Amino acid sequence: MISDDVLKKATVELLKNAVTALPEDINTALKKAYETEEDAIPKMQLKNILDNIELAQTGSLPMCQDTGIHIFYVTFGKDMVISVEDAIRNGLKEATKIIPLRPNAVHPLSRHNPGDNTGLKMPYINYRFSDKDYIEIAVMPKGAGSENMSALAMLTPSQGLSGIKEFALNTIVKAGGKPCPPTIIGMGIGGSADISMKLAKEALLRPINQRNDDSQIAELENELYSAINTLGIGPMGLGGKTTVLGVNIEYAYCHTASLPIAINIQCWAARRAVARIHPDGLIEHISHPKEVSP
Amino acid sequence: MKDIKLTTPLDEDSIRELKIGDVVSLSGTIFTARDEAHIRALEYKKEGKDIPVEFTGSAVFHCGPIMQKEGDTWHLVAAGPTTSSRMNSLEPEFIKTFGARAIIGKGGMSRPTLDAMKSYGCVYLAITGGAALLAAKGITSVKDVHWLDIGMPEALWVLEAEGFGPLIVAMDSQGNSLYENVESETKHNIKMAKQKLGLI
């Protein structure tokens, strides 16, 4: 049986990994972007980004002061449904103090900040199920700069693929330098209004060097990646060749009368961490494989 | 690129000399202010209430830092910029009212702020978003904090800087904006992007 203590420990470790070190696919893409840029200003932005990543890793400190709002994805294995809410909440409170994380969660109207990143329905936990014999927890501490550029459109079916492409381009142009480019575009196509946005965010959990299994969607990912990078918005919106590091799309079947499309943008500091908790209490860090704790 | 060292309080002449693309580093006292601190400062001014710092000639940093308290001393952990456009509706009034000379942030600001910068002598300095530890290296101490009741990110932090940067002059006091330049280039490039996607 997996104890609350192990879950809490895993939560703290996941958050620490996420905010202090980027997954390898993101690091590789940022280094490539640095090589690609030629002009002084975009090159300097990427140099600052790479230097900062190094500082975060060596100092074991949050790379960005916006350590996000906390959305978890918990996947229960076979016969492994247990109560995780309190352990994750307590882990988040502890992580806020010791890492430290910035206390970001506030009441939406009074703007009161409890100071520990928790409040009504926050952290938010998505539950999923699998036939594995472990529990998987993923966290994506995502900043508000990129989140605030999210967009949803309920297209008509006749607008089709062209409508989707047009909407994606317009959303990126409108966002400009605000979401801390080079960004990663998460897109959700289909489902319903709420499902498409959920898919857009979930798309950001996938490494950017993995294309969608569906060949038509994979093709759209490639096409949008290459088209968006001709826009010239560049790192931090100061001009340059690298506007996006990747485009990840997920889709779902939708109502015959609808075509929902959602975009959730992720900043270059694309922090995400995934761990598996085995029945014997072993915490296996998938996204940050150097960290294994018994 | 020119590399210019400036110390606060900033005077109008040296600010008006700066051109977009110049690289600047700042020393001296700088203040953080985001949405809530802008709103409160302007409200207090209107109501004739005391404002705890002198914004005239100041550098205002759009930043919600991570701070840690050790005993009675605040220690800065990370301090990158927040998205400046959230302050678009407040900044022209803030520059006019208080005479701030430099706004530090990321992502740029809108035309009314650029106009206010031209009228009153102020610049926008871009610092790399997300690079919060690099930025923190340029801050030597936390001198004070005001308005902590609005929460750690929103509070008015008084920081001592030494070679804080590199900062790029992205909006100058002659009415030039790197963001507007990039925007008009993007408008031109969007045709190419649409062609690539088979839209035109």
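Four cavities of 30 Å³ or more were found in this predicted model. A cavity is a set of points, on a 1 Å grid over the protein atoms alone, where a 1.4 Å probe fits but cannot get out. Grid points are joined across faces, edges and corners, and a volume is the space filled by probe spheres set on the points. The largest cavity holds about 50 Å³ of space. Its lining, made of residues with an atom within 4 Å of a point, includes Asn48(A), Ile127(B), Thr128(B) and Ala131(B). Leu134(B), Ala135(B), Gly165(B) and Pro166(B) also belong to the lining of the largest cavity. Helix α5 (132-136) and strand β9 (156-171) of chain B each supply at least two of the lining residues. Helices (H or I, at least four residues) and strands (E, at least two) are DSSP runs, numbered from the N terminus. Five lining residues are nonpolar, three are polar and none is charged. Here Ala, Val, Leu, Ile, Met, Phe, Trp, Tyr, Cys and Pro count as nonpolar, Asp, Glu, Lys and Arg as charged, and the others, Gly among them, as polar.

Residues are numbered from 1 along each chain as its sequence is written, chains are lettered from A and ligands numbered from 1 in the order in which they are written, and side-chain values use heavy atoms, with hydrogens and water left out. As the model is predicted, local features need pLDDT of at least 70 and side-chain atom pairs count only at pLDDT 80 or more, while totals for chains, interfaces and linings use all residues.

Asp25(A) lies in helix α2 (residues 24-36) of chain A and Arg272(A) in the loop between β7 (259-266) and β8 (273-277) of chain A, so the pair ties together parts 247 residues apart in sequence. Both partners are buried (under 20% relative accessible area; exposed is over 50%, partly exposed in between; 1.4 Å probe, protein chains only). The relative accessibility is 9% for Asp25(A) and 7% for Arg272(A).

Glu223(A) and Lys165(A) form another salt bridge, at 3.2 Å from N to O. This pair links helix α8 (residues 215-228) to helix α6 (residues 160-175) of chain A, across 58 residues. Lys165(A) is buried, at 8%. A network of salt bridges connects Arg206(A), Arg211(A), Glu221(A) and Glu250(A).

In chain B, Arg16(B) and Glu12(B) meet in a salt bridge of 2.8 Å, N to O. They are four residues apart in helix α1 (residues 12-16), so about one helical turn separates them. Arg16(B) is partly exposed, at 26%. Glu12(B) is partly exposed too, at 32%.

Helix α2 (residues 35-47) of chain B has 13 residues. Its C-alpha span, first to last, is 18 Å, close to the 18 Å expected at 1.5 Å a residue. The expected span is 1.5 Å times one less than the number of residues. Among the buried residues of α2(B) are Asp35(B), His38(B), Arg40(B) and Tyr44(B). The buried residues pack against β3 (59-61) and α3 (91-98) of chain B. Gly48(B), with a positive phi near 75°, follows α2(B).

Gly138(B) lies in the loop between α5 and β8 (139-146) of chain B. Gly138(B) is buried, at 5%. Its contacts (heavy atoms within 4.5 Å) are Glu160(B), Ala161(B), Glu162(B) and Phe164(B), not counting residues up to four places away in sequence.

Terms used:
A salt bridge is a side-chain nitrogen of Lys or Arg within 4 Å of a carboxyl oxygen of Asp or Glu. On a 1 Å grid over the protein atoms alone, a cavity is a set of points where a 1.4 Å probe fits but cannot get out, and a pocket is an open set with protein on both sides within 12 Å along at least five of seven lines; lining residues have an atom within 4 Å of a point.
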